[in-house]
Amino acid sequence: MTHDEYVSHDATALAAMVRGGEVTAVELLELALARIEEVNPALNAVIRLMEEDARQTAERGGTEGVFCGVPFLAKDLCSSYAGHPTSGGSRLLKNLVMDHDSELAKRVRRTGVSVAGKTNLPEWGLTPFTESELWGACRNPWDTSRTPGGSSGGSAAAVAAGVVPMAGGGDGGGSIRIPASCCGLFGLKPTRGRVPTGPDFGELWRGAVVEHVLTRSVRDSAAMLDATHGRDVGAPYEIRLPDRPFVEEVGSDPSKLRIAWSPKPIMGSSVDPDCVAAVEDAVSLLTELGHDLVEDAPEIDGAAFSQAFLRMVASELGADIRDAEAYLGRKARRHELEPLTWALGLLSKALPAGEYASALRTMERVGRSVGGFFEGYDMVLTPTLATPPAKIGSLMPTSMEMAQLKILGALGSGRLIKWAGLLEEAASTAFDFIPWTPIYNATGQPAMSVPLFWNAEGLPIGVHFVASVGNEASLFRLAAQLETARPWFDRRPDMEPSP
């Protein structure tokens, strides 16, 4: 099999070829590894290889599992794979080798994939771009001067560049949907609690974080969710099981949907004309397909939400750092964390318990408000992002802000950091880029970015759909209808091998 043949099939088709004896798992793995060698110097998408483990899996030659023999890459956060570090993009955890598979990793392995390596991400998955000090900037295969998004940026870049047909991601504020938009992929965030977090976690970011995959086809995403969802022993809650397998929703009639749409940002102040055009184009397409489109949006105080979300993330990061210290048996050192991460950790110490609780209540009230809005609509449609893929470095704190963060971090005072308001400024830049996605992490609803639009520069612009809690089935039905009406699978970046 050539690489062109390899990328002309999705994971479902490749697995069928393995089962039919047309290609072997070893051949597929060799193609993936060769592609990493070709494009990774330019992209910096894959930061660790798990070649020995992957070869052992491939050489066993099994034909069980929905994705038997298909190469796969895992995001280097949350999901742990025994015998390999899970760095979280941080120098603090770079060499912390895990002694067990997480429950999600077990389920992913049972699909038959060959896990070939780990992908790049920002430190602790905190930013919507992938530029950590530990691993360096990850680049977008559509334009290597631009970000692939974050925090699952390495996974998205690898899938878009034809390294693997799908890769793992996690979404706490848009971290699957953001890179899907930037890289022209399909990215679905499942409902809160749909995918296991055990045995190490209950809720991640108070339930905001959900793991899944980035794919080029809708059916691959549906089939992986079929393989990974379900009862998670000790989980804080269980989600009602779907009426039938998600993969059976792909190709089924979505029926006439009542969809509210708006290009107006909930947070931030402006939206690039290309992103407005992407939504208006989707509205036209959906209308042609027979759906009922109404310009409307939930009423949300974006400023209050962004402040609450920042305080939740800071508090959760503080707990993450303390957990890491317990694993390591020592205190974290300032040089082991990036200035922004260190400052967030200090801020967590300065937040009173009552302020943290108030932040959670603000987020919960948003959930109630949005839930009420969905009494009148089947879905909400917005741009995924407020701009096309941003230039590398443009979303980072300025040199002045970084210097101030370093000085305040050295003083070790969370109160000073809180008083200075520097983290609010950094968060404001991020929320300007992602004015919609974090809302639906707080509400727990399933949401997806669909690659329906490319701008005049040839950059992908995703559109964002949100459904009611537990209703991934409707998203998969609509996504498959859109995939048929406006195929995107064969749109790939012209990614030449690195010299």
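Guide: Happy to! Let's begin with the second largest cavity, which holds about 60 Å³ of space. Keep in mind that this is a predicted model. Rolling a probe the size of a water molecule over the atoms is how such empty space shows up.

Now let's step back to the whole structure, where a search finds 5 cavities of 30 Å³ or more. The largest cavity has a volume of about 120 Å³. Its lining is made of 15 residues, and those lying nearest its centre are F72, S79, L104, G168 and H212. Several elements each give two or more residues to this lining: the strands β2 (71–75), β6 (166–171) and β8 (210–215), together with the helices α5 (103–110) and α8 (218–228). By class, the lining of the largest cavity divides into 8 nonpolar, 5 polar and 2 charged residues.

Look for helix α3 (residues 25–43) and helix α4 (residues 51–60), whose axes come within 8 Å and cross at roughly 155°. Angles over 145 degrees count as roughly antiparallel, so α3 is roughly antiparallel to α4. The crossing of α3 past α4 is right-handed. On the α3 side, the residues in contact are A25, V26, L29, E30 and L33, and they meet E51, A54, R55, A58 and E59 of α4. Sorted by class, the residues of this contact are 6 nonpolar and 4 charged, with no polar ones.

Our last stop is helix α13 (residues 399–411), which packs with helix α15 (residues 422–433) at an angle of about 140°, their axes being 10 Å apart. That angle makes α13 oblique to α15. Here α13 passes α15 in a left-handed crossing. From α13, the residues E401, Q404, L405 and L408 make the contact, while α15 brings L422, L423 and E425. The residues of this contact of α13 with α15 divide into 4 nonpolar, 1 polar and 2 charged.

Terms used: Residues are numbered from 1 along each chain as its sequence is written. This is a predicted model: local features need pLDDT of at least 70, side-chain atom pairs count only at pLDDT 80 or more; totals for chains, interfaces and linings use all residues. Side-chain values use heavy atoms; hydrogens and water are left out. Axes are lines fitted to C-alpha atoms, for helices over the stretch in contact, and angles run from 0 to 180 degrees between N-to-C directions. Helices (H or I, at least four residues) and strands (E, at least two) are DSSP runs, numbered from the N terminus. Angles under 35 degrees count as roughly parallel, over 145 as roughly antiparallel, 65 to 115 as roughly perpendicular and the rest as oblique. A crossing is left-handed if the near helix is turned anticlockwise from the far one by less than a right angle, and right-handed if clockwise. Contact means heavy atoms within 4.5 Å. Ala, Val, Leu, Ile, Met, Phe, Trp, Tyr, Cys and Pro count as nonpolar, Asp, Glu, Lys and Arg as charged, and the others, Gly among them, as polar. On a 1 Å grid over the protein atoms alone, a cavity is a set of points where a 1.4 Å probe fits but cannot get out, and a pocket is an open set with protein on both sides within 12 Å along at least five of seven lines; lining residues have an atom within 4 Å of a point. Grid points are joined across faces, edges and corners, and a volume is the space filled by probe spheres set on the points.
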